[in-house]
Amino acid sequence: MNSKADRLPLLCAFAAGILLRLLAAGFQPLSHDAAAYYLPNARALVEGGFANFEAMSIAVPPLFPFLVALLAVPVGDLEIAALAISVVAGAAVVYPAAAIARRLFPTLPAAAPLTAWMAALCPYAVRFGGDARADALYTLAVACAIAAGIALLSEPRARTGALFGALTGAAYLLRPEALGMPLLLAAGVVAQGTRLFRAGGEWRAYARRVLGAGVLGFALLSPALAWNMSVVHAKLGIWTLSPKAGILLEYDKTEGSDPFSRLNDAKTMTEHEEKLSNPASYRRFTLLSELREHPREMLQAMAKHLWDFFIVLPGALGVLFSIYFAAGLGGARGLAARGALAIPVAVSAFYGLSFSVFYVSQRFWVPLLVLFYPWCAAGALAIRDWCARRGISQRAVIALSLATLMPETLQVQNWKDFEWRASPEQALGARLASRYEPGVPCLSAKGIVTWYAGAAHLFIPNAPFEDLVAYMRNRRARLIVLQVSAASAASVADAGGAEHQAAADDPPRRRDERVLRLMQELDRSSSFLRVDLEPDGERTYLVYELAE
């Protein structure tokens with residue numbers, strides 16, 4: 001792909017991806033993970049030096065905060081630096097996506113540029129490409145690693161192996177589940193080698209080339225393993241590839257009916273860091289030990305999580321791309337290369353099984369969608385040909401597709417809720433920042449307000465009220481931020497038990513029951529004073545200050 005005619009569609013798709021992700025960054029608020037982990041970790045590096053890993057939370061790997069901190073030095077703003085990385089990385093996925101499409105559909109040249117445009121326009125990818133978290137950069141690293149891995153399967157070369165190892169290492173430093181890619185590649189190599197052996201091909205030469213590429217790839221992957229494991233060891237005192245998989249709190253074992261629910265709560269990481277002085281409270285988590293102790297519960301939970309993982313794929317693809325994907329399966333399988341369908345199926349199944357041990361989220365599909373775009377593109381081309389045979393204008397098909405896709409991609413629902421680069425959380429945080437010293441510990445279910453307030457984020461513990469007060473005093477925390485529905489806040493605040501029961505009987509308000517109960521206790525307590533309130537559409541933020 002050296003001609004200008006080949007490069008121009010990808011460049012246009014990249015530019016469109018940049019523009020759409022800038023709009024997303026401007027009109028959607030920060031996510032909790034960005035505000036509670038990624039940005040505070042980057043701030044710790046900027047303020048304490050780029051070796052200040054001791055001040056970082058190990059809830060997220062170190063590479064994204066490190067890059068944000070580096071870029072923030074010339075840019076001067078951590079949030080802008082993080083968003084810039086996400087916007088550019090998310091748009092750049094068009095290039096490895098096109099490379100993957102050329103491998104999966106070598107006889108369908110139009111699939112590559114169309115795949116690039118789908119990577120640029122996919123609503124779910126645009127959404128996470130406009131957030132100050134690692135998902136977009138992780139997607140780029142995974143997409144590049146997959147493209148290198150597919151190339152390795154058919155043409156094992158040392159430099160491709162080195163590239164795969166380096167890219168996998170980068171992806172691992174963004175999310176630890178990336179370590180599954182070498183295992184998947186190894187399975188693909190075995191399948192390819194077996195096919196050559198049965199066909200009487202040069203399987204020995206293939207094995208030698210694969211071995212050389214694998215050794216070089218592991219050599220370039222090893223520094224990433226060492227860096228992340230060293231950071232976690234310095235913080236927790238254990239050696240593990242993933243702190244979330246390597247640590248389990250004993251006192252969380254009885255929480256919830258789902259035996260894995262204790263690993264679904266990010267506060268686990270924070271509480272573990274806070275209780276390092278009592279390491280006897282913790283033990284290693286191993287799937288085998290849990291299966292031996294609770295086999296039925298574990299298998300049921302894993303099956304449920306696996307189902308939950310795959311059932312959200314159509315939502316992640318979106319309506320239009322789901323239709324294209326189905327059309328690709330039905331009308332383009334004969335045009336696909338050998339294993340073109342096995343690759344997305346195997347990668348998705350592996351990821352689904354991995355996440356079934358913990359929990360699932362629709363956002364886990366973001367990096368995997370790059371394997372589905374080529375099939376969507378092939379399906380779109382099949383629909384185009386079908387329409388052409390019936391005299392339907394190609395322009396009409398394109399116009400209908402864009403009319404279906406763009407409202408979701410542009411996230412127009414957010415435009416009425418937020419001004420450009422402004423949100424209720426930002427306004428409330430700015431007021432708190434003007435009243436309190438930087439770094440004051442603040443309890444909140446989400447970290448968005450605390451980030452804008454310049455405060456240190458702490459989760460609200462699920463504990464009796466008197467224990468919460470003691471916890472705040474021990475941590476020298478002064479503020480607690482609650483978020484409830486506006487209707488519940490208006491009816492329950494300063495009300496008695498009857499009003500609380502009415503709220504509990506109303507389904508929308510029942511979801512706020514725990515927070516409403518805490519709000520009542522805070523309002524009644526002489527130790528707390530409500531110091532601020534910020535309406536946010538159908539919800540309201542309430543801020544309380546703990547008396548000295």
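## Pocket lining, salt bridges and surface features

Helix α10 supplies the largest share of the lining of the second largest pocket, namely eight residues. This is a predicted model, in which local features need pLDDT of at least 70 and side-chain atom pairs count only at pLDDT 80 or more, while totals for chains, interfaces and linings use all residues. Residues are numbered from 1 along each chain as its sequence is written, and side-chain values use heavy atoms, with hydrogens and water left out.

The pocket has a volume of about 760 Å³. A pocket here is an open set of points on a 1 Å grid over the protein atoms alone, where a 1.4 Å probe fits, with protein on both sides within 12 Å along at least five of seven lines; lining residues have an atom within 4 Å of a point. The volume is the space filled by probe spheres set on the points, and grid points are joined across faces, edges and corners. There are 30 lining residues, and Leu-153, Gly-188, Arg-338, Gly-339 and Ile-343 lie nearest the centre. At least two lining residues come from each of α5, α8 (135-154), α10 (180-198) and α18 (342-356). Helices (H or I, at least four residues) and strands (E, at least two) are DSSP runs, numbered from the N terminus. The lining divides into 21 nonpolar, five polar and four charged residues. In this count, Ala, Val, Leu, Ile, Met, Phe, Trp, Tyr, Cys and Pro are nonpolar, Asp, Glu, Lys and Arg are charged, and the others, Gly among them, are polar.

A salt bridge is a side-chain nitrogen of Lys or Arg within 4 Å of a carboxyl oxygen of Asp or Glu. The model has 14 salt bridges by this rule. The table gives some of them.

| Salt bridge | Closest N to O distance |
|---|---|
| Arg-133 and Asp-33 | 3.0 Å |
| Asp-308 and Lys-304 | 2.9 Å |

Arg-133 and Asp-33 form a salt bridge that links distant parts of the chain: Arg-133 is in the loop between α7 (123-129) and α8, Asp-33 is in helix α2 (residues 32-48), and the two are 100 residues apart. Arg-133 is buried, at 6% relative accessible area, and Asp-33 is buried at 19%. Buried means under 20% relative accessible area, exposed means over 50%, and partly exposed lies in between (1.4 Å probe, protein chains only).

Arg-103 is partly exposed at 34%, and Glu-155 is partly exposed at 36%.

Asp-308 and Lys-304 are separated by about one helical turn because they are four residues apart in helix α15 (residues 295-311). Asp-308 is partly exposed, with 22% relative accessibility. Elsewhere, salt bridges that share partners join Asp-33, Asp-131, Arg-133, Asp-135, Arg-175, Glu-177 and Arg-363 into one network.

Most residues other than glycine have a negative phi. Arg-476 has a positive phi, near 55 degrees. Arg-476 lies in the loop between α23 (465-474) and β5 (479-485) and is exposed at 71% relative accessibility.
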